[in-house]
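Hi,

Here is the model I promised to pass on. Have a look, and my notes follow below.

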Amino acid sequence: MIAATNPQKRQERTRSPERMMWRCVFPGHTDQVRQARRMVEALFAGTGRENDAGLIVSELATNTLLHTRSGQVGGWFGVEIRLPDDGPAYLGVYDLGGAGIPQIKRQRVVQEER
């Protein structure tokens, strides 16, 4: 005989703070920004924040393609979405980083004479 499990207990075992999470990788082409935005808007459907979430990912993905190696030939960018049961959502866009080593250029401070 198979023991029946209380549905309430079964549901509690499947719950976790990170219960709803998605990751997707897109080719590093500008037309893929629209695809990433559509995916995010679909995941946020019914929350009232579809447009906000889509805009955020669209902006981050666009910056990724413009300012990192993700926008170069063979590049890609990743999108990660987390929708916990309670608490804030997480939207992340991953890129391939810059083409070189960051450098700090110091500027001379000119003091005004009084």
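Which strand does glycine 78 lie in? Glycine 78 lies in strand 2, where strands are DSSP runs of E with at least two residues, helices are runs of H or I with at least four, and both are numbered from the N terminus.

Before going further, a word on the ground rules. This is a predicted model, with local features needing pLDDT of at least 70 and side-chain atom pairs counting only at pLDDT 80 or more, while totals for chains, interfaces and linings use all residues. Residues are numbered from 1 along each chain as its sequence is written, and side-chain values use heavy atoms, with hydrogens and water left out.

The overall layout: the chain has 3 helices and 3 strands, in the order α-β-α-α-β-β from the N terminus.

Glycine 78 is buried, at 5% relative accessibility. Setting aside neighbours within four places in sequence, glycine 78 is in contact (heavy atoms within 4.5 Å) with Cys24, Val25, Gly92, Val93 and Tyr94.

Glutamate 80 is in strand 2 too, which spans residues 76-82. Is glutamate 80 buried or exposed? Glutamate 80 is buried, with a relative accessible area of 3%. The side chain of glutamate 80 makes a polar contact of 2.7 Å with that of arginine 82 and one of 2.9 Å with that of tyrosine 94. (A polar contact is a pair of N or O atoms within 3.5 Å; within protein, one must be able to donate a hydrogen and the other to accept it, and residues adjacent in sequence count only if both atoms are side-chain atoms.) Beyond four places in sequence, the contacts of glutamate 80 include Met21, Trp22, Arg23 and Tyr90.

Now the helices. Helix 2 (residues 31-43) and helix 3 (residues 50-67) pack at about 155 degrees with axes 8 Å apart (axes are lines fitted to C-alpha atoms over the stretch in contact, and angles run from 0 to 180 degrees between N-to-C directions). That makes the two helices roughly antiparallel, a label for angles over 145 degrees. Among the residues meeting there are Val33, Ala36 and Val40 of helix 2 and Ala53, Leu55 and Val57 of helix 3.

Cheers

Methods
Angles under 35 degrees count as roughly parallel, over 145 as roughly antiparallel, 65 to 115 as roughly perpendicular and the rest as oblique. Buried means under 20% relative accessible area, exposed over 50%, partly exposed in between (1.4 Å probe, protein chains only).
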